[in-house]
Amino acid sequence: MTCELSSSAISASLVAPLAARLPAVRLEAIQARIDAKTKPLGALGTLEELAQRLVALAELRGVTTAERLVAPRMLVFAADHGIASEGVSITSSAVTRQMVGNFLAGGASVNVFCRQVGMALEVVDCGILAALPPSEGLVERRLGEGTQALHQAAAMTREQALLGLDNGRRLALERAERGMDLLCVGEMGIGNTTAAAALMAALTGFAVESCVGRGTGVDLRTLLRKKQLVVRALALHQGPAGGDPLELAARLGGFEIVTMAGALIGASERAVPVLLDGFVSCVAALLACALVPAVRDYLLFAHCSSEKGHALLLEWLEAKPLMQLGLRIGEGAGGALALPLMRAALAFYDEMASFEEAGVKV
């Protein structure tokens, strides 16, 4: 497969900021309609900001009122990590493949919640250790059979990282062409919170202590080991990477993380809003924004998980999560749970009376 996304294309920025694509007068008109509703200014809180963003992005795509959020899609990106062999999780890498099978069979939490809200779901194999046979709902975008252990070597080559970005971007563009009007992302990969924490620390400069959490629920001894491995990985790779986000992603990231970041870039190109789930997907967002800053205008954040580092990462991204449920499951479950709130934001924008319409004088 030819890789269309290059380092120069990334630096040239594939995505324009929202304000550059939609005239200021339209953004002001959307906000004026929200402000005119029968409520005190700002009384619906985050739902008002959500409504403005969703309506603005729909206008960019030329979508009418009745057609908004009718084709949401969940993409769960899966891959394995060499660092998992160091015992950073409560389970082994074999569980990644088993859980992918569970997703395909419809038995995971994300399947349940997606069915509840009418969201299509696909699993993207970005590089689990042992490939599954072709199956409905399985998208093959493999970069290898798991990454290298990041405390000993670069997780992947720069070429693999670029191909992952391109794979994700083209996948999102393809789904947008088929009508996808909301991209929700989730992930699966034993060891991926270690890679995500290392990449977060490298891209933000935050202390390892602030980035590394318990992941699958490891004990204190394993948590300390996890932190030590991240410190070793950063010592090995940060200098040679020289602050280059793509190089840091290649050295410290995961196949699913770079592919997910590419999907965020692709969706943003088509003005399709992206709903992020937990810690790992937000690290993918951090990478996408480091590569193409305008992507931030197209991102929405489902919740703040209980994984250490997630709240700090949301603050770094200047993000307001829609929910606070103490989730720590990944998979994209939080995105599916947040979809009704997004539909509620559009419903109040479309259906709630204005003061003039209601004959209410204030």
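Two residues are in contact when they have heavy atoms within 4.5 Å of each other. By that criterion Thr194 touches Ile83, Val88, Lys226 and Val230, with residues up to four places away in sequence not counted. The model is predicted, so local features need pLDDT of at least 70 and side-chain atom pairs count only at pLDDT 80 or more, whereas totals for chains, interfaces and linings use all residues. Numbering runs from 1 along each chain as its sequence is written, and side-chain values use heavy atoms, with hydrogens and water left out.

Thr194 sits in helix 8 (residues 192-204). Helices (H or I, at least four residues) and strands (E, at least two) are DSSP runs numbered from the N terminus. Thr194 counts as buried because its relative accessibility is 1%; buried means under 20% relative accessible area, exposed over 50%, and partly exposed in between (1.4 Å probe, protein chains only).

Helix 13 is mostly covered, with 12 of its 13 residues buried. Among them are Phe279, Cys282, Leu287 and Leu291.

The backbone angles come last. Most residues other than glycine have a negative phi. Leu69, in the loop between helix 4 (46-60) and strand 1 (72-79), has a positive phi of about 55°. Ala271, in the loop between helix 12 (255-269) and strand 5 (274-276), has a positive phi near 60°. Leu69 is buried at a relative accessible area of 6%, and Ala271 is buried at 1%.
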